[in-house]
Each structure stands twice: as C-alpha cells, then as structure tokens.
Amino acid sequence: MATQTHREQVRHKIIQSALQLFNKHGFTAASIDDIMAGAGMTRGGFYSYFQSKSELYAEAISCFVTGKQDGIASSATASDRAVILLRDYLSRSHFEDLEGSCPLIGLPNDVSRNDQSVREAQEAALKMMVRTFEQGMTPNGHASRQVALALTSLCLGGMVLARAIEDQSLAAELREATMAVGMRLGHWTS
C-alpha cells in the first residue's frame with residue numbers, strides 16, 4: 001500500500017512540474033528532461049508513469065480543471081461560482097502567475113491540431129468554463145449557452161492579449177474591460 005501511495009505522490013510531482021513548465025514555456029519547449037528535473041527525478045523514470053508527453057499534458061490540464069472546479073464548488077449558488085470564475089480568470093494574480101495559470105492560454109495551435117489527447121484535454125477545460133458560466137446565468141430561470149460560450153471566448157481572448165503586450169497599463173485595461181463586459185453579459189452585479 002505504501003508503494004502505491006508513493007507512486008501517486010511521485011506522479012503528482014511530475015504533473016505539477018509539467019503544468020508549470022507547459023505554462024511557462026509552452027508544450028513544445030518544455031522537455032521531458034526539464035519536467036522530470038523539476039520533479040526531482042531523471043528522465044529514465046518518465047515512461048513508467050506516462051506513455052507520452054501528450055498524455056502528461058492531458059493529465060496536467062485535467063488536474064488544473066479539477067482544481068478550479070474544487071476551488072469554486074463551495075460557493076453558495078451557480079451565479080456565485082460563475083462570478084468567481086470570471087473574476088479569478090481575469091485577475092491580476094492569474095495574469096502574473098505564468099506557471100500556475102490556465103494551460104489553454106499558451107498552448108501552440110500546431111500541437112492542439114495534431115494530438116487528439118491534447119485536443120480532448122483542451123475541450124474538457126473549455127467545457128468546464130462554459131458549464132460554470134451557463135449555470136451561473138439564470139436571469140429568467142433559463143441558462144444561455146450562447147452567452148456562456150461568448151464569455152469563455154472573451155476570457156481566453158482577453159487574457160491572451162493582456163499577456164501578449166509589453167504595456168502593463170494597457171494589459172490591465174484589457175483585463176478590466178473584459179471583466180466588466182463579462183459581468184454585464186452574465187447579468188451579475190459588480
């Protein structure tokens with residue numbers, strides 16, 4: 001039993017190292033050697049835990065999504081959860097946390113087009129965001145899928161643009177404007 005617990009702890013360390021490096025450097029630039037070094041291990045042990053770097057990436061996204069869901073699950077209402085997700089996603093701390101932020105922001109398009117497990121992991125993260133926003137918008141008791149989809153796109157686009165520029169004042173304006181419009185689209189009070 002102790003062996004299984006140790007194995008799970010090591011696997012978790014590898015996933016956390018990978019998530020940080022994927023976010024910081026991108027999928028392609030994060031090497032298995034660097035990921036394993038970040039977990040305090042050598043490359044030799046990698047394949048006893050994962051079949052490929054793509055499998056590890058998919059697992060890292062899954063862990064990120066689960067963590068986000070757990071973080072907002074304790075909120076009282078669906079509307080509260082949606083507002084927390086919107087504010088957290090567009091916050092300055094999320095903007096500055098390159099290693100611990102949403103892995104969808106920096107994933108290169110060539111990887112997402114070519115690897116099914118990566119596309120499936122991205123899709124799971126997107127579905128979590130859409131579902132959270134959709135459940136949180138019930139102005140007349142009816143969720144709006146179209147608005148939830150637009151809010152998800154707005155969040156991702158706003159954060160990608162904010163991170164892509166050097167002017168930090170403009171980056172803050174982009175995040176704040178995205179959040180303000182998102183709050184209006186969701187019919188949430190600021």
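The structure holds 1 cavity of 30 Å³ or more, where a cavity is a set of points, on a 1 Å grid over the protein atoms alone, at which a 1.4 Å probe fits but cannot get out. This is a predicted model, in which local features need pLDDT of at least 70 and side-chain atom pairs count only at pLDDT 80 or more, whereas totals for chains, interfaces and linings use all residues. Residues are numbered from 1 along each chain as its sequence is written, and side-chain values use heavy atoms, with hydrogens and water left out.

The largest cavity has a volume of about 60 Å³, a volume being the space filled by probe spheres set on the grid points, which are joined across faces, edges and corners. Among the residues that line the largest cavity are Phe64, Leu85, Tyr89, Cys102 and Met128; lining residues have an atom within 4 Å of a point. Helix H3 (53–73), H4 and H7 each supply at least two residues of this lining. Helices here are DSSP runs (H or I, at least four residues), numbered from the N terminus.

Cysteine 102 is buried, with a relative accessible area of 4%; buried means under 20% relative accessible area, exposed over 50%, and partly exposed in between, for a 1.4 Å probe and protein chains only. Leaving aside residues up to four places away in sequence, cysteine 102 touches Asn23, Phe64, Tyr89 and His94, contact meaning heavy atoms within 4.5 Å.

Helix H8 comes next. The 20 residues of H8 (residues 145–164) should span 28 Å at 1.5 Å a residue, and the end C-alpha atoms are 29 Å apart, which agrees; the expected span is 1.5 Å times one less than the number of residues. In H8, Ala148, Leu151, Thr152, Cys155, Leu156, Gly158, Met159 and Ala162 are buried. They cover an arc of only 160 degrees around the axis, which puts them on the same side of H8. On the other side of H8, Gln146, Ser153 and Ala164 are exposed. The buried residues of H8 pack against helices H4 (78–89), H5 (92–96), H7 (116–136) and H9 (168–185).

In the segment after H9 lies histidine 187, which has a positive phi of about 60 degrees although it is not a glycine. Histidine 187 is exposed, with a relative accessible area of 58%.

Confidence, given by pLDDT from 0 to 100 for each residue, has a mean of 84 over the chain. Confidence is lowest in helix H6 (residues 109–114), at a mean of 56, and highest in helix H2 (residues 32–38), at 95.

Technical notes:
Arc of directions from axis to C-beta. pLDDT = per-residue confidence, 0-100. 1 Å grid on protein atoms, 1.4 Å probe; cavity = no way out; pocket = protein on both sides within 12 Å on 5 of 7 lines; lining within 4 Å.
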